[in-house]
Every structure is written in structure tokens, then in C-alpha cells.
Amino acid sequence: IYSLADLPAPSGSAITLDATKMYVFNGIVNISPYYLNLNGANLRGTDPSKDGVMSSVSGGILRCSNFSVFMQDFTVIPLSGSTKAYDFSDASGTKFCNLFSGCSVVEVGVPSLGVGQISGFNSVTIKENYWNCADGLKLTGTVGKFCLAYVFITNVTSGSGVEFLAGLTINDIDLSNNYFVYTGQT
């Protein structure tokens, strides 16, 4: 994927991806004013500092409900104060959410809603990511296992690096070797 034209045609504000494909991005693609409905598709870049998406859409730039999520080497850049990177959920508790090495959330001058929210999933694995944004990750719902390892979280000013919301039921938590670097960390 090199440009918006390489993606499926938008319908309303959504660009719904083909669940049978792995979308490999080359460069940062501005999808404003749309969001990507992952729909079970996987996302990847080849260089985590140069490949991904940006958008000014209200809400999550990447959204997925009741499908497993897989991303690697993929940057998300929220471009407005009403935008967050992720809005992933699994009501069944049978899917997996994997944000592997090089999945970054980076603001460029405009404070946003940050990393976003993950709800549910049998397992959530977030490893070797970089988040440089005003707010971190919010976790809720019923989660089997949650692993956050080797994540560098910086410049949080309006929330927490990781926040466990009211109503969260979780069976196992592994928070290891993360770096929280910001004033007033909680």
C-alpha cells in the first residue's frame, strides 16, 4: 500500500479491508477523513518508523470488532484532538490481539486521544512498541491474558500510560520491562 488509492473504496467513513489479506504499507498513508475497519485483515510495514497510516477521523483510526488483530512494524499517527489510534474489541473472548514489534502511536504536534482502547480478547500481547502521545492504552471488558513487554511510553499528559478501566475482568497480567517516561506518571 503506497496511497489511499491502493486500499478498498471507502463506504461512509470506513475503509473495510479484505479479511483474507495481509496489507503491507510502504510509507505513511494519509487516510483522512476515514478509518480502517480491519475486518480480520493483518497490517504490516517494512520500516516501523516510516510505514503506517495517519488520519483526522473522529474515534479510532484502526477499528476491529470480533476478529483477531495482528500488526507488526506499523505506525499510527492521530491528527486531531478527537482521534485515537486503536478501537479493538472482542465480545466472544475467543480472539487474539497481537501488536508486535514496531507498532508505534506517534502524535505530530496535535494532542490526541492517544493509543486508544482494547476490550475483551482471549489474549492481548503488546511487545516492543513505542507510544509518544498525550494518552496511553485503556483496557476493559473480559480479557484472558494481557502481556505488555518492552514498550516505551512517553509524553503522556492527559491520562495514563496504561489504564485498567472499571469493569475489567482479567485472568493474567504480565507487565515487564516497560519504560514509562513522563511527568506525573501513574
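Colleague: Leaving aside its neighbours within four places in sequence, which residues is S55 in contact with?

Modeller: Keep in mind that this is a predicted model. Leaving out neighbours within four places in sequence, S55 touches N30, I31, S32, P33 and Y34, among others. The list also includes I61, I77, P78, L79 and T83.

Colleague: Where does S55 lie? And is S55 buried or exposed?

Modeller: S55 lies in strand β6, residues 52–55. S55 is buried, at 0% relative accessibility.

Colleague: What lies by the polar atoms of its side chain, then?

Modeller: The backbone oxygen of Y34 is 2.7 Å from a polar atom of the S55 side chain. The backbone nitrogen of V57 is 3.1 Å from a polar atom of that side chain.

Colleague: New topic. In what order do the strands of the sheet with β1 come?

Modeller: The order is β1-β4-β7-β10-β13-β16-β19. That is an open sheet of 7 strands, with parallel pairing.

Colleague: Which strands stand at the edges?

Modeller: β1 (14–16) and β19 (162–164) do. Each has a single partner strand, so one side of each has no neighbour in the sheet. Neighbouring strands here are turned by 15° against each other on average, direction ignored.

Colleague: How many bridges pair β1 with β4?

Modeller: The two strands pair over 3 bridges, in the parallel sense. Strand β4 covers residues 35–37. A14 stands opposite Y35 in β4.

Colleague: And the sheet with β2 in it, what is its order?

Modeller: That one runs β2-β5-β8-β11-β14-β17-β20. It is an open sheet of 7 strands with parallel pairing. Its edge strands are β2 (22–25) and β20 (169–176), and each pairs on one side only. Neighbouring strands in this sheet are turned by 10° against each other on average, direction ignored.

Colleague: Let's zoom in on β8. Which way do its residues point?

Modeller: V69 and M71 point one way from β8, residues 69–72. F70 and Q72 point the other way. All four of these residues are buried.

Colleague: What does M71 pair with in β11?

Modeller: Its bridge partner there is L99. β8 and β11 (residues 96–99) pair in the parallel sense over 3 bridges. M71 in β8 is also the bridge partner of L43. Strand β5 (residues 42–45) pairs with β8 over 2 bridges, also in the parallel sense.

Colleague: Now β17 and β20. How many bridges join them?

Modeller: 7 bridges, and the two strands run parallel. K145 stands opposite D172 in β20.

Colleague: Where is T142 found, and how far is it from T169?

Modeller: T142 is in strand β17, residues 142–149. T142 and T169 are 27 residues apart in sequence, yet 4.7 Å apart in space, C-alpha to C-alpha.

Colleague: Is T142 buried or exposed?

Modeller: T142 counts as exposed, because its relative accessibility is 52% and the cut-off for exposed is over 50%. Leaving aside neighbours within four places in sequence, T142 is in contact with G120, F121 and T169.

Colleague: What about the core? Which residues have the most contacts inside it?

Modeller: L62, Y86, F88 and W131 do. This is the largest nonpolar core, with 48 residues. Take Y86: beyond its neighbours within four places in sequence, its contacts include L62, M71, L99 and C103.

Colleague: How many disulfides does the structure hold?

Modeller: The structure holds 0 disulfides. C97 is in none, and the nearest cysteine sulfur, that of C64, is 8.2 Å away. C97 is buried, with a relative accessible area of 0%.

Colleague: Last one. Where is D135, and what does its side chain reach?

Modeller: D135 is in the loop between β15 (130–132) and β16 (137–140). Its side chain reaches the backbone nitrogen of S160 at 3.3 Å. A polar contact of 2.8 Å joins the side chains of D135 and K138. D135 is buried, with a relative accessible area of 8%.

Technical notes
Residues are numbered from 1 along each chain as its sequence is written. This is a predicted model: local features need pLDDT of at least 70, side-chain atom pairs count only at pLDDT 80 or more; totals for chains, interfaces and linings use all residues. Side-chain values use heavy atoms; hydrogens and water are left out. A nonpolar core is a set of buried Ala, Val, Leu, Ile, Met, Phe, Trp, Tyr and Cys residues joined through side-chain atoms within 4.5 Å. Buried means under 20% relative accessible area, exposed over 50%, partly exposed in between (1.4 Å probe, protein chains only). Contact means heavy atoms within 4.5 Å. A disulfide is a pair of cysteine sulfur atoms within 2.5 Å. Two strands pair if DSSP finds at least two bridges between them. Helices (H or I, at least four residues) and strands (E, at least two) are DSSP runs, numbered from the N terminus. Axes are lines fitted to C-alpha atoms, for helices over the stretch in contact, and angles run from 0 to 180 degrees between N-to-C directions. A polar contact is a pair of N or O atoms within 3.5 Å; within protein, one must be able to donate a hydrogen and the other to accept it, and residues adjacent in sequence count only if both atoms are side-chain atoms.
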